[in-house]
Amino acid sequence: MLQLLRRCSRPPFDPLLFTLTCVLALAGIPLLYSASYAEGLALHGDPQYFVIRQVAFAGVGFAGLVAAAKLDLAWLRKRNRFFLGAAVALLFVCLSHDALNGARRWISVGGFTIQPSEFAKLALIIYLASYLAKAREWILEGWTPVVHVALVTGGVALLLLLQPHLSALLLVVGVATAMVVLAGLPWGRVFSLGCVLLVAGGLLFKVAPAEQQNRVKVWLGLIESEEEAYHQKQSLLAIERGGALGVGFCEGRQKLRYLPASHTDFVFSCIAEEFGFLGVVVVLCCFAALVIRCYDIAHMCGSQFGSLLCSGTATLLA
């Protein structure tokens with residue numbers, strides 16, 4: 001079970017984790033410019049509109065990184081319920097806003113839009129890490145901790161379903177399940193939990209909005225209409241055009257208003273078109289190295305709370 005509690009010394013600063021984080025964040029800026037300049041020019045009259053915002057967000061993110069690195073885990077753990085409550089409140093605020101593109105997932109703040117679901121993911125990880133660290137012995141004896149985790153995660157998932165935000169819902173459930181397993185749930189109960197999740201997943205698919213259902217059906221090849229499969233076909237066309245080495249930086253064609261949301265949802269397709277299979281492998285290897293390093297740090301951490309916090313975050317990234 002990964003031996004999460006094995007105690008050993010670890011440095012206060014991890015050069016590999018820091019380097020991987022900076023490489024991915026900084027490399028994303030020129031990649032975003034290439035993927036977004038057509039969209040920025042068409043929507044805002046400025047080809048650098050999105051990349052300027054990204055640079056600002058990267059600066060805020062770096063400041064957050066420094067602050068988080070200096071944060072006392074004991075202080076964070078004591079306030080786990082506050083963070084979860086604040087995140088749930090923000091999800092309720094989302095539901096009171098007007099729908100955008102058929103969903104109510106965003107809140108406008110000072111000209112920027114934020115997705116409370118991103119905060120909810122982290123808040124839930126902090127809460128579950130704190131609770132499961134206390135329930136380590138109980139989880140070996142009965143189902144009470146699993147039921148508790150299911151109720152809390154289910155409440156957050158329900159609010160995400162109402163937005164609707166199916167991808168965030170699946171992430172939340174997946175991360176919570178992984179954390180329960182890493183906390184020491186016996187394998188027999190892991191199997192039972194997996195069966196319950198499969199049944200719940202089938203029911204969720206039945207009640208999900210038709211648009212969400214159609215995305216899954218298109219992916220499985222059950223729907224082939226041009227309208228429903230447009231996004232997937234344009235994405236695959238971009239990947240196909242990239243070939244082994246790509247067409248070159250800023251030379252991609254699919255981002256020119258063919259791919260929807262080329263600078264967000266389909267930026268991976270733009271990378272594949274311009275840098276080819278080789279570029280895609282490099283990006284995936286960087287993310288894989290980041291996730292593996294996070295799990296490695298979780299393995300070395302001296303406290304159950306820190307281990308579960310780190311492994312939960314690593315699972316979210318994975």
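Start by selecting E118: at 37% relative accessibility, E118 counts as partly exposed, a label for values between the cut-offs of buried (under 20% relative accessible area) and exposed (over 50%), with a 1.4 Å probe and protein chains only. K121 and E118 are three residues apart in helix α5 (residues 116-134), so about one helical turn separates them. Helices here are DSSP runs of H or I with at least four residues, numbered from the N terminus.

A word on what you have open: this is a predicted model, in which local features need pLDDT of at least 70 and side-chain atom pairs count only at pLDDT 80 or more, while totals for chains, interfaces and linings use all residues. Residues are numbered from 1 along each chain as its sequence is written, and side-chain values use heavy atoms, with hydrogens and water left out.

How many salt bridges does the rule give? The count comes to five. For another one, select E274 and K255, whose side chains meet at 2.5 Å, N to O. E274 lies in helix α11 and K255 in the loop between α10 and α11, so this pair ties together parts that are 19 residues apart in sequence.

Next, pick D296 and R293, where the closest N and O atoms of the salt bridge are 2.5 Å apart. Both sit in helix α11, three residues apart, so they are separated by about one helical turn. D296 is partly exposed at 29% relative accessibility, whereas R293 is buried at 17%.

**A cavity beside E274**

Go back to E274 and select L31, S34, A35, V267, C270, I271 and F275 with it; together these line the largest cavity. The search runs on a 1 Å grid over the protein atoms alone: a cavity is a set of points where a 1.4 Å probe fits but cannot get out, a pocket is an open set with protein on both sides within 12 Å along at least five of seven lines, and lining residues have an atom within 4 Å of a point. The count is one cavity of 30 Å³ or more, and the largest has a volume of about 40 Å³. Volume means the space filled by probe spheres set on the grid points, which are joined across faces, edges and corners.

α1 (15-44) and α11 each supply at least two lining residues, and α11 gives the most, with five. The lining divides into six nonpolar residues, one polar and one charged.

**The second largest pocket**

Now select L169, V173, L197, A200 and G201. Of the 30 residues that line the second largest pocket, these are the closest to its centre. The volume of this pocket is about 800 Å³. Colour α6 (144-162), α7 (166-182) and α8 (187-207), the elements that give two or more residues to its lining. Which element gives the most to this lining? It is α8, with ten residues. The lining holds 24 nonpolar residues, six polar and no charged.

While α6 is coloured, click on G154, which is placed in that helix and is partly exposed at 34%. Follow α6 onward to the loop between α6 and α7, where P164 is found. A cis peptide bond joins Q163 and P164, with omega about -10 degrees.

**Backbone stops and a surface patch**

In the loop between α10 and α11, select C250. Its phi is near 70 degrees, a positive value in a residue other than glycine. A261 is in the loop between α10 and α11 too, with a positive phi near 50 degrees.

Finish with L236, I239, F268 and L284, which make a nonpolar surface patch of about 350 Å². Patches are made of residues with over 30% relative accessible area and no salt bridge, with like charges joined within 9 Å and nonpolar side chains (Val, Leu, Ile, Met, Phe, Trp, Tyr) within 5 Å. I239 is found in helix α10 and counts as partly exposed at 35% relative accessibility.

Definitions and conventions. Areas by Shrake-Rupley, 256 points an atom, 1.4 Å probe, with all protein chains shown as cover. Salt bridge = Lys/Arg side-chain N within 4 Å of Asp/Glu carboxyl O. Nonpolar A, V, L, I, M, F, W, Y, C, P; charged D, E, K, R; others polar.
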